[in-house]
Amino acid sequence: MRVIIRYFFRTLRLVLTPFMLLSEKLSTPRGITRAADDQARVDEASKDLALYQFTACPFCIKVRKEIARLGLNIETRNAQHDPQHRAALEAGGGRVKVPCLKIRQDDGSERWLYESAEIKAWLQERFEPA
């Protein structure tokens with residue numbers, strides 16, 4: 001019975017994934033337009049960020065939409081299909097759970113921020129124009 005349930009959900013995920021990705025593509029907002037020097041400062045501040053994510057995860061889609069809305073250039077790392085990123089997420093964050101934002105602090109330490117709502121709030125607090 002477990003095998004049937006497992007295959008049912010795998011099939012469901014395979015069927016729904018293209019629709020989720022299409023929905024993301026069609027509903028992603030345009031990025032905030034900033035002056036060139038302001039955008040350069042934002043790009044410099046966001047270079048120390050990396051988003052560990054799964055492609056079709058609805059919570060990851062939510063965070064990627066916020067990143068696009070804020071006009072951020074944050075590296076996305078697929079922890080689902082890349083074993084190196086998956087291992088780095090588990091080693092650094094302590095668990096394989098996405099979305100996870102890796103924040104490299106000024107002192108060289110790393111902070112791993114889980115939960116899509118917390119990531120969105122942190123990004124808005126840091127990068128939302130006044």
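**Notebook: a look through a predicted model**

I began with E115, which has a relative accessible area of 37% and is therefore partly exposed (buried means under 20% relative accessible area, exposed over 50%, and partly exposed in between, with a 1.4 Å probe and protein chains only). I noted that residues are numbered from 1 along each chain as its sequence is written, and that side-chain values use heavy atoms, with hydrogens and water left out. The model is predicted, so I kept in mind that local features need pLDDT of at least 70 and that side-chain atom pairs count only at pLDDT 80 or more, while totals for chains, interfaces and linings use all residues.

**Backbone entries**

I placed E115 in the loop between β4 and α5 (116-127), where helices (H or I, at least four residues) and strands (E, at least two) are DSSP runs, numbered from the N terminus. Its phi is near 75°, and I marked this as a positive value in a residue other than glycine. I then looked up the peptide bond from V98 to P99, which is cis, with omega near -5°; P99 is found in the loop between α4 (83-93) and β3 (100-104).

**S46**

I found S46 in helix α2 (residues 36-46), and with 1% relative accessibility S46 counts as buried. Leaving aside neighbours within four places in sequence, I listed N73, I74 and F127 as the residues in contact with S46, where contact means heavy atoms within 4.5 Å. I also checked S46 against R104: the two are 58 residues apart in sequence, and 9.7 Å apart in space from C-alpha to C-alpha.

**Helix packing**

I looked at how α3 lies against α5, and read an angle of about 10° with the axes 9 Å apart. Here axes are lines fitted to C-alpha atoms, for helices over the stretch in contact, and angles run from 0 to 180 degrees between N-to-C directions. That angle makes α3 roughly parallel to α5 (angles under 35 degrees count as roughly parallel, over 145 as roughly antiparallel, 65 to 115 as roughly perpendicular and the rest as oblique). The contact is made by F59, K62, V63, E66, I67, R69 and L70 of α3, together with S116, I119, K120, L123, Q124 and F127 of α5. Sorted by class, the contact of α3 with α5 has seven nonpolar, two polar and four charged residues, where Ala, Val, Leu, Ile, Met, Phe, Trp, Tyr, Cys and Pro count as nonpolar, Asp, Glu, Lys and Arg as charged, and the others, Gly among them, as polar.

I turned next to helix α1 (residues 2-27) and helix α3 (residues 58-70), which pack at an angle of about 15° with their axes 11 Å apart, and α1 and α3 are therefore roughly parallel to each other. On the α1 side I noted M20, L21, E24 and S27, and on the α3 side P58, I61, R64 and K65, as the residues that make the contact.

**Aromatic pairs**

I counted three aromatic pairs, using the rule that rings of Phe, Tyr and Trp (its six-membered ring) pair if their centres lie within 6.5 Å, with planes under 30 degrees apart counting as stacked, over 60 as edge-to-face and the rest as tilted. F8 has 48% relative accessibility and counts as partly exposed, and F9, with 46%, counts as partly exposed. Because Y52 lies in strand β1 (residues 49-53) and W112 in strand β4 (residues 110-114), the pair ties together parts that are 60 residues apart in sequence. Both Y52 and W112 are buried.
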